[in-house]
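Have a look at the sequence and the structure first, and then we can walk through them together.

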Amino acid sequence: MRRYLVTGTDTDVGKTRVAAALALALQNAGQSPTFVKLVQTGLEPGDLGDAARVSALAGCPWLELARFAKAADPWSAALADGSPVVHGEDLARVLNAIDGALVAEGAGGLAVPLNRLENFAAVAKLAQLAIVLAVGLRLGCMNHALLTISLCEQLELQLAGAVLVDRWETSQPSYVADVRRALQGKVEILGILPFERNEAASVQNGTQLFASLV
């Protein structure tokens, strides 16, 4: 089953581009994926969200399961809106009802809280989603990537692979080599998504990273 949760080492590390590239790779392989944004924060109703962006880039149907205006974790954002908090079982129920290939995206990383007790890792566990980790290449990403890998091991989540993302600029080769060395043997590194201002071009080029997952 080609059903994935794309998560990040932090917020704003390029996971939406990674998710779009994975969805497009699945689409090109004839898998007809559905893209699901589990929780969208930081946008008002009617604003263009990550799910609509991915759909436009990958040509696939999309769902957005929750939205809050505050740019924060879903728990804090729900409280700020005066809305009910999100529950993992509710999200997983929707995901489990979707037939075929699936690419889901959270907000930030796996440990970002949905409520007092649950985080996005809980959703991955309930819906049996394999994890694709977007590693934003900047100082601190090794620690965040290794902690995410440890959480996957602890919860027995399948780790499908990691994509190194040049989100802000082209990284020095020596730094990329350092990150690769730190992650070697702990996760399959699928490759690098290069720095590219044109989002559509970035997504098109990124499809080649997912040959082993489609």
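## Where β8 meets β9

Strand β8, which covers residues 159–165, is joined to β9 by 4 bridges, and the two strands run parallel. Please keep in mind that this is a predicted model.

Helix α7 (residues 173–183) lies across this part of the structure, over β7 (130–136), β8 and β9. Relative to β9, helix α7 runs at about 160°.

## The sheet as a whole

Stepping back, we find an open sheet of 7 strands with parallel pairing, in the order β4-β2-β6-β1-β7-β8-β9. Its edge strands are β4 (62–64) and β9 (189–193), each of which pairs on one side only. On average, neighbouring strands in this sheet are turned by 20° against each other, direction ignored.

As background, the strands of a sheet pair through backbone hydrogen bonds, in a parallel or an antiparallel way.

## The largest pocket

Two or more lining residues come from each of α1 (15–28), β3 (40–41) and α2 (50–58), and α1 gives the most, with 3 residues.

What is the make-up of the lining, in nonpolar, polar and charged residues? The lining of the largest pocket has 10 charged, 7 polar and 6 nonpolar residues.

Technical notes:
Residues are numbered from 1 along each chain as its sequence is written. This is a predicted model: local features need pLDDT of at least 70, side-chain atom pairs count only at pLDDT 80 or more; totals for chains, interfaces and linings use all residues. Side-chain values use heavy atoms; hydrogens and water are left out. Ala, Val, Leu, Ile, Met, Phe, Trp, Tyr, Cys and Pro count as nonpolar, Asp, Glu, Lys and Arg as charged, and the others, Gly among them, as polar. Two strands pair if DSSP finds at least two bridges between them. Axes are lines fitted to C-alpha atoms, for helices over the stretch in contact, and angles run from 0 to 180 degrees between N-to-C directions. Contact means heavy atoms within 4.5 Å.
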